[in-house]
2 protein chains.
Amino acid sequence: MSGSLTVNPEMAERVRRATDELEYRPNGAAQGLASGMHRSVGVVLPDLSNPYFHGIIKATNVGAARDRYRMLVTEWQEPGEELGVCLDVLSRVDGLLVLSTRMETDSLRDLAARGVPTVLVNRVELGVDLPMVAVDNFSPMLELCQHLASLGHRRVVYLAGSPSAWQNRERWKAVQQARILGLDPVMVASDATIEAGYEATDEALGHDPTALIAFNDLAALGAIARLRELGLKTPEDISVTGFDDVALARYADPALTTIVSPKTALGEQAWMMLEASLRGERPEQPPLLSATFVQRASTGPAKGSGG
Amino acid sequence: MSGSLTVNPEMAERVRRATDELEYRPNGAAQGLASGMHRSVGVVLPDLSNPYFHGIIKATNVGAARDRYRMLVTEWQEPGEELGVCLDVLSRVDGLLVLSTRMETDSLRDLAARGVPTVLVNRVELGVDLPMVAVDNFSPMLELCQHLASLGHRRVVYLAGSPSAWQNRERWKAVQQARILGLDPVMVASDATIEAGYEATDEALGHDPTALIAFNDLAALGAIARLRELGLKTPEDISVTGFDDVALARYADPALTTIVSPKTALGEQAWMMLEASLRGERPEQPPLLSATFVQRASTGPAKGSGG
DNA sequence: CTGTTAGCGCTTTCAG
DNA sequence: CTGAAAGCGCTAACAG
C-alpha cells in the first residue's frame, strides 16, 4: 500500500524494498480507471509555437508539479476539432485548461455542461458557466493609444489578430474607443505571427498611417522588418507598437513599445483555479489581471505633425 | 461495435444512431487498459519555450494526426526527473519521443531496456539501443567557420550552449576543428536563450574577438542586443552568427547569418520512425539530416584585417 | 490492522 | 454472426 498511515511500518518497509527491487511502477491508466483520479491535467491550445503561451503554461506547470499533478499539453490542428480533442484528452486527465481563444462557444458550453473541472484562460465568455481567468486587454490598449495620441498620431492602423479571438476584439474595441483621443484608426487583417505582420504592412501603408498598432509583438516585429525593407525607419518615419512583451521585445531593434502581459501571474492563477475545481470547490471568479503599458524605442512623434 | 466488417450493417447503423443520441464517448483510459493501445504518443522535452522545438513537434503532430494518434507533450522541470516523467507518461501512451538533449545516458538505457517504442531526437548516443534521428551539427558549423575565416576572422568566441547537450558538443567540436582554417576560438559559457547570449557578451568581448559564434539564434540575438547597447555595430564592428534559423532570424536587424536546421523534416522523420516502432518494426537508422549554412547580414569582414 | 472481493469501462475471446 | 464471460492493472470497500 502506498500512503496510508494505518499500516504496520515494518510491513510497509518490506513492501517498499520489494517494489524497489522489482522496479515496480503503478500503471497510470489503470490507477486512473480504478480510482477516478489521474493526477494529471490537460492543456489544450491552438498553436504550440506562439511564445505567448509558454510563459503561461510554464507557470501552470510549476503549480501543477507542486501539487503533484502532471501537465499534458495538446495542440489541436483542424478547426472544429477542439471539442473532440478536449473530450478525448479528458478521459486521461482530471481537468482541463483551455487556452484556445477561438474555440466555439457551443463547445465551451458542452464542456461546462459535462461538469468536468475546466478553466478558460484569456477568454471571457459571458453565458458560459466556466471559471475563467484573463488579462485586461482593453485598458492598457487604451493607454497605449493615449501615448500615441500624445505624440501627435492621428491616422493609425490596427494590424488585427484572428477575428474570432476574444483578445483581438478587446484590443480593437480599445483602439476604436481611442477616437475620443483624436485617433483615426483603420483595421487591416493580419494575424498573431511575424509573417502575418510582415505581410500586412504593405496594405497598412496604403492608409498612410503614422503609426501601426499591431495585435501582438510578433506581428509588430514582422511589420518593423517590412518597413525597414521599404526604407522606412521606426520610429522616425512610422511608430509601431506590440502587445504581450515576449522575451524578444526588449532586445529587438528598436526595442518594442508594448504592453507587458502578466504571463506568470496568469498561469499561476489558472492553476489555482483549476486545482480548486479539482477539489470540487467552485473557484471564485477573480477580476481581470492588469497589464501595464511600457514605452520603449519603437514609438516617437508622429511624422509631419510638427513633433 | 466500431470498425469490424463482420457485422450486420443495419445493426451497425442502429448502434451508431444510438451512440450519437446519447453522445457516447468511449473512455480512453479504459480502452487503453483493455486493449493495450492508447492511440497516443508522448513527447518529453526540457523546455516548452524553446522555439526550436516547435517546428519539430508541429511536424510530428501532423504525422501523428494523419495516423490517428494523439500527441501529448510534457515538460520536465527538475533535473533527474526525466526518467520518472517518461515512465509515468508511458502508462498513458504507446510510445515516446524524447527531445531531451540532456537526459542522462543511464535513463536512456533504462528506456531502451524496457522495450517501449521510443525515438531519440537530436541526440546521438552510441551504446544506447534506441532509434534516433538528428541533424548534422558538425558539418554546417564547420562551413560557417569557413565563411568567417574567408572574411578574415581569426579571434572568435563561441558562446556555448548547455555543456551536457549533444548539440553543444558537436558545434564546439566543429569550431575547434576550424583552427585548421586559421580560426583561434575561445569558449565562453552561455546558454540557449536570449538572456544568456546577452549576458555572456561582456565576457566574450574580454577576448577581443572579431566574431561571436553563438550556440543558437536566440543567444545570437541577445548578443547583438548587448553589442548595440555598448555602441558596437553588427557586423561592422563585430560579426555574429546563430544556429537553427528560428522564424525570427530572417526578420531581425541585422538578419542573422545562421544555419537552417530542417525542423520539419526532423519532426516527420521522427514520427515515421516512432510509427514503425509502434507497429513492432524496428525502424532502420537513418543518416544524420543535413542543415544548410545561410549567409545573411550579421557577418562581414573582420575589423582590422584590412577587409 | 490485514486479506479478500468486487468492480472502473472497455476489448477480446469464446461458446451459442 | 451474435451474446455472454473473462479479464486489462489497479483501488476501494468490505469482512476476517
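## Salt bridges between the chains

A salt bridge is a side-chain nitrogen of Lys or Arg within 4 Å of a carboxyl oxygen of Asp or Glu. In this predicted model, ten salt bridges are counted between chain A and chain B. One of them joins the side chains of Lys58(A) and Glu75(B), with an N to O distance of 3.5 Å.

Polar contacts also cross the interface of chain A and chain B: 20 residue pairs are found, with both residues at pLDDT 80 or more.

## The side of chain A that touches chain B

Several elements of chain A give two or more residues to the side that touches chain B. The helices are H2, H3 (51-66), H4 (82-90), H5 (105-114), H8 (194-205) and H9 (217-229), and strand S2 (70-75) belongs to the list as well. By class, this side of chain A has 21 nonpolar residues, eleven polar residues and 14 charged residues.

## Extent of the interface

Contact between the two protein chains involves 46 residues of chain A and 46 residues of chain B. The area buried between chain A and chain B is about 4,300 Å². Carbon and sulfur atoms give 55% of that area.

On the side of chain A, three residues supply more of the buried area than any other three: Arg70(A), Arg92(A) and Tyr251(A). Together they account for 17% of the area that chain A buries against chain B.

## DNA strand C

DNA strand C is surrounded by twelve residues. The closest come from both protein chains: Asn8(A) and Ala34(A) from chain A, and Tyr24(B), Asn27(B) and Gln31(B) from chain B. Of the atoms of DNA strand C that come within 4 Å of the protein, 81% are accounted for by sugar and phosphate. The surface near DNA strand C is made up of seven nonpolar residues, four polar residues and one charged residue.

Helix H2 (28-35) of chain A and helix H2 (28-35) of chain B each supply at least two residues of this surface. H2(B) gives the largest share, four residues. Phosphate oxygens of DNA strand C are approached by side chains and by backbone. An N or O atom in the side chain of Gln31(B) is 2.8 Å from a phosphate oxygen of DNA strand C, and for the side chain of Tyr24(B) the distance is 2.9 Å. With Arg25(B), a backbone N or O atom lies 3.5 Å from a phosphate oxygen of DNA strand C.

## DNA strand D

Twelve residues surround DNA strand D. Here the closest are Tyr24(A), Asn27(A) and Gln31(A) from chain A, with Asn8(B) and Ala34(B) from chain B. Sugar or phosphate holds 79% of the atoms of DNA strand D within 4 Å of the protein, and the rest belong to bases.

A phosphate oxygen of DNA strand D is 3.0 Å from an N or O atom in the side chain of Tyr24(A). For the side chain of Gln31(A), the distance from such an atom to a phosphate oxygen of DNA strand D is 2.7 Å. H2 of chain A and H2 of chain B are the elements that give two or more residues to the surface near DNA strand D. The largest share, four residues, comes from H2(A).

Terms used:
Residues numbered from 1 in each chain as written. Chains lettered and ligands numbered in written order. Predicted model: local features only at pLDDT ≥ 70, side-chain atom pairs only at ≥ 80, totals over all residues. Heavy atoms only, no water. Near = heavy atom within 4 Å. Polar contact = N/O pair within 3.5 Å; in protein donor to acceptor, adjacent residues only side chain to side chain. Nonpolar A, V, L, I, M, F, W, Y, C, P; charged D, E, K, R; others polar. Contact = heavy atoms within 4.5 Å. Buried area = accessible area lost by both parts, 1.4 Å probe.
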